[in-house]
Amino acid sequence: MKWLALFLFSAVAVVQSSQRIPKNWPTPVYDISDDNLKVEKIHLGRLLFYDPILSRDGTISCSSCHSLYNAFAHTDHALSHGIDDRIGRRNAPALMNLAWMSSFMWDGAINHLDMQALAPITHVDEMGSSLPDLIDKLRGRGFYRKKFFEAFGDSTITGQHLLIAIAQFSSTLISADSKYDKVMQGSDAFSDAEERGFALFSRLCADCHIPPLFTSNDFASNGIPIDSSLMDMGKMEVTTNPADSLLFKIPTLRNVEFTYPYMHDGRFKSLYDVLDHYNDLKKPKDKRLEKIQLAENERVELVAFMLTLTDREFLFNQKFAFPKELLQPRE
Ligand code: HEC
Ligand code: HEC
């Protein structure tokens, strides 16, 4: 027992967010050390994440489109639904391990976590507000003046502090406790089908969905054709470089069991639909896709492996859930 405890202790590092991060993970891009993260800032970020006060008419919160039980993706619609029932152009991605990401959005439009929340707050199809309007509203609330003071030692609410608080909460959404992680740490074992699926995955998929984060944080075309009603050009919309046409951010596959529908426009409903797509590709632009050929039993094994990326500790983590404080009467 003593040996096991020692092993577990050395296999994971503990951070302020009280998340356990396996030792073999790369260094995060965003500072999640005790020096930077503060419990009160994280808590304020969580309140803001769940509070519809962030939208112009008080109807939409971040969690309207990013639901904990779907690893913060949204499963009801392919394209996100925002204020005034406006339909966006893209599928809300799952949110996890954001501290390891250097670019955000399907096209990489945002390159720092601290700036990310500004996009949905101000987007006409999402929350339809503006930072000055929102700051005015928050300044009128004694509840938030107190919370900002606890977090930043200053009761003057600023846009910068608001964005930092949301980024700190977002950076604590760490998923590192799936069956896959346990197998890698030697405390669990794959079934035969999962083991074969892992071998297939390592050979066919891991060039882009690189473990342990299951993304390279890069952009690629996985061969899906453009949807002519959306005309989404992906990364080229940001860089205007034709070489970036139809390149999209490679999504993580952690918790992929619960993050359907899939792809930037939510076109596929199931993992089998995704595998059919990869299997049926003819002459893909990206050479890394050429080798994908799956027999019927291999499809089943690959899905069995992907299901080992489900992390129930994450999906049911009450630290990430709706804060009951928001239901209490407050000024
Ligand atoms: C109306 C639905 C909607 C709301 C509300 C919303 N989001 Fe999103 N979110 C999306 C969509 C859609 C994308 C992808 C946008 C794109 O690629 O252009 C996204 C992308 C993101 C990303 C980037 C993830 C990645 O891997 O690149 C983060 C982080 C995020 N949202 C956090 C938030 C936060 C924090 C809030 C609240 C301030 C919020 N979202 C509100 C729909 C929404
Ligand atoms: C060339 C790089 C590349 C390879 C190889 C690759 N993918 Fe992908 N994958 C992507 C990109 C890029 C997307 C997002 C595309 C989009 O939304 O337009 C994606 C999306 C996905 C999604 C949807 C995830 C979500 O949250 O929407 C799944 C599931 C997936 N890939 C599984 C696999 C599997 C399984 C393999 C191997 C059989 C594989 N991929 C091989 C680049 C790749």
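Colleague: Which protein residue is the donor to the iron atom of ligand 1?

Modeller: His 66, through NE2, 2.1 Å away, and it's the single donor from the protein. Donors here are N, O and S atoms within 2.8 Å of the metal (3.2 Å for Na, K and Ca), and water is not among the atoms, so sites may look incomplete. Keep in mind that this is a predicted model, where local features need pLDDT of at least 70, side-chain atom pairs count only at pLDDT 80 or more, and totals for chains, interfaces and linings use all residues. Residues are numbered from 1 along each chain as its sequence is written, chains are lettered from A and ligands numbered from 1 in the order in which they are written, and side-chain values use heavy atoms, with hydrogens and water left out.

Colleague: Where is His 66 found?

Modeller: In the loop between helix H3 (62–65) and helix H4 (113–116); helices are DSSP runs of H or I, at least four residues, numbered from the N terminus.

Colleague: And how many residues surround ligand 1?

Modeller: 26, with Cys 62, Cys 65, His 66, Met 105 and Trp 106 the closest; the cut-off is a heavy atom within 4 Å.

Colleague: Which side chain has an N or O atom 2.8 Å from an oxygen atom of ligand 1?

Modeller: Arg 90 does, and Lys 249 also has one at 2.8 Å from a ligand 1 oxygen.

Colleague: Switching topic, what does Leu 162 contact, sequence neighbours within four places aside?

Modeller: Leu 48, Ile 121, Leu 131, Leu 134, Ile 135, Leu 138 and Phe 148, with contact meaning heavy atoms within 4.5 Å.

Methods. Helix = DSSP H or I, 4+ residues; strand = E, 2+ residues; numbered from the N terminus. Polar contact = N/O pair within 3.5 Å; in protein donor to acceptor, adjacent residues only side chain to side chain.
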